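Student: I have a structure open and would like to learn how to read it. Could you take me through some of its features?

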Amino acid sequence: MKQTALFTPVLIAGCIIVMLSFAVRASFGVFQIPVAEEFGWLRTEFSMAIALQNLFWGIGQPIFGAIADKMTDRKAIVLGGLVYALGLVLSSTAVTPGAMQLYGILVGFGIAGTGFGVILAVVGRAASDENRSMSLAIATAAGSAGQVIGAPLAEYLLSFMVWQNVFIAFAAIVIGSLIFLPMMKTERVASKAELEESIGQVLMKAFKDPSYSLIFLGFFSCGYQLAFITAHFPAFVTELCGPIMPGGALHSIGITTTSRLGALAISLIGIANIIGTLTAGYLGKRYSKKYLLAGIYLGRTVIAALFIALPITPMSVVIFSFAMGSLWLATVPLTSGLVAHIYGLRYMGTLYGIVFFSHQLGSFLGVWLGGKMYDIYGTYTAVWWVGVGVGLFSAVVHLPIKERPLPIGLAKVAG
């Protein structure tokens with residue numbers, strides 16, 4: 001088949017939608033302190049709202065993946081965008097922890113329809129075999145670009161706007177991203193053999209394959225680490241980082257408080273991750289994806305352990321942000337690419353959505369435990385070390401994966 005161009009309308013539109021979706025999603029940690037201070041809530045209360053958001057993002061992912069696979073990708077994205085915006089608008093009216101947590105469920109479902117599960121599936125199906133790994137990496141990097149702008153934008157808007165109005169502005173951004181949907185058309189779905197299999201057959205084949213279970217388990221720590229840092233790192237830096245000295249490099253560019261440094265840290269992670277994710281896509285085309293994933297999780301483990309073990313200073317925050325950022329979403333194109341490589345393209349949205357549910361289980365625990373253990377101990381240290389442990393677990397669990405395409409049909413299932 002003739003090779004298609006790398007930068008297709010599908011890829012460009014997908015990048016814009018996921019970038020704006022993730023810009024909003026990545027900003028929630030910035031609201032941790034303002035919301036808690038306005039209502040006198042414990043840190044656990046708003047953390048639970050973000051935790052439920054992540055959990056229901058995971059629950060919604062295979063649902064929206066199936067909608068995209070069985071109906072159309074664009075219908076799934078429209079539905080996701082509408083639910084996302086509704087959740088944000090309703091969240092702006094919340095005055096009790098229960099209401100904030102309930103509306104966080106809607107936000108989570110909305111992210112599922114506008115995030116990686118649906119977008120990466122359509123990008124993967126539209127890309128040629130030669131360009132698929134890099135296309136997935138570029139779309140993932142677009143999510144990082146959203147992270148770069150999301151937290152600082154929220155911090156900026158909060159300087160002259162109440163947090164409720166910021167939520168409404170973000171809802172408008174999500175709805176506005178849907179104007180790019182007409183570009184997301186693709187006729188390249190899957191091979192003829194894959195089209196002959198039903199979704200039930202493909203799911204049965206995957207569930208019987210031990211490698212699918214290992215991918216599912218391995219993605220857990222990715223969600224735990226990323227969601228904990230996104231939700232709690234701004235507050236973590238605000239409260240525990242050493243002072244920013246006048247006359248220093250950070251002070252000279254306007255980063256005069258640890259609160260601003262906390263928001264900047266999320267952006268630095270996003271900037272570094274653009275490079276890291278694109279590098280992962282390039283390497284994933286040439287080397288074993290499972291070994292690359294094991295190396296990424298091991299690298300995260302070492303970086304996190306060193307950061308918490310050493311004194312927390314403005315310089316260590318910057319170094320950690322760049323180092324962790326280079327490995328941040330590098331797992332996503334490799335994991336989604338591994339699912340597509342082993343199980344085919346036809347139901348990639350559903351299969352990756354199920355794997356992503358594990359990621360979001362980890363996200364739920366990372367965010368919730370962060371708030372709960374902070375309220376108990378007054379520090380994030382214990383929950384941070386849990387993240388170090390699960391990262392090491394993921395590094396190990398990827399090694400036995402059998403990285404080869406499964407045969408079409410039910411007769412041959414990997415054992």
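**Reading a predicted model**

Tutor: Let's start with Ser-177, which is buried, having a relative accessible area of 2%. Buried means under 20% relative accessible area, exposed means over 50%, and partly exposed lies in between (1.4 Å probe, protein chains only). This is a predicted model, in which local features need pLDDT of at least 70 and side-chain atom pairs count only at pLDDT 80 or more, while totals for chains, interfaces and linings use all residues. Residues are numbered from 1 along each chain as its sequence is written, and side-chain values use heavy atoms, with hydrogens and water left out.

Student: Where is Ser-177 placed, and with which residues is Ser-177 in contact, leaving aside its neighbours within four places in sequence?

Tutor: Ser-177 is in the loop between α8 and α9 (192-195). Helices are DSSP runs (H or I, at least four residues), as are strands (E, at least two), and they are numbered from the N terminus. Contact means heavy atoms within 4.5 Å. With neighbours within four places in sequence left aside, Ser-177 touches Ile-17 and Leu-20.

Student: How do I read the helix α8 itself, and what span does it reach from its first C-alpha to its last?

Tutor: The expected span of a helix is 1.5 Å times one less than its number of residues. Helix α8 (residues 163-176) has 14 residues and reaches 20 Å, close to the 20 Å expected. Its buried residues are Trp-163, Gln-164, Val-166, Phe-167, Phe-170, Ala-171 and Val-174. Looking down the axis of α8, these buried residues fall within an arc of 155°, so they line one face of the helix. That arc is taken from the directions from the helix axis to the C-beta atoms.

Student: What covers the buried residues of α8?

Tutor: The cover includes α1 (9-25), α2 (32-39), α4 (73-91), α5 (97-114) and α7 (132-158). Helix α4 also holds Leu-86, which counts as partly exposed because its relative accessibility is 45%.

Student: How many residues of α17 are buried?

Tutor: In α17, 21 of the 30 residues are buried, so this helix is largely enclosed by the rest of the structure. Helix α17 covers residues 348-377 and reaches 42 Å from its first C-alpha to its last, close to the 44 Å expected. After α17 comes Gly-378, with a positive phi near 75°.

Student: Which residues make the nonpolar surface patch?

Tutor: Patches are made of residues with over 30% relative accessible area and no salt bridge; like charges are joined within 9 Å and nonpolar side chains (Val, Leu, Ile, Met, Phe, Trp, Tyr) within 5 Å. A salt bridge is a side-chain nitrogen of Lys or Arg within 4 Å of a carboxyl oxygen of Asp or Glu. Accessible areas come from the Shrake-Rupley method with a 1.4 Å probe, and for residues only the protein chains shown count as cover. Here, Leu-298, Val-302, Leu-306, Leu-310, Leu-392 and Val-396 make a nonpolar patch of about 550 Å². The elements giving two or more residues to this patch are α14 (289-309) and α18, and the largest share, three residues, comes from α14. Val-302 lies in helix α14 and is partly exposed, with a relative accessible area of 43%.

Student: Where is Pro-405 found, and is Pro-405 buried or partly exposed?

Tutor: Pro-405 is in the segment after α18 (381-397), and Pro-405 is partly exposed, at a relative accessible area of 48%. Leaving aside neighbours within four places in sequence, Pro-405 is in contact with His-341 and Ile-342.
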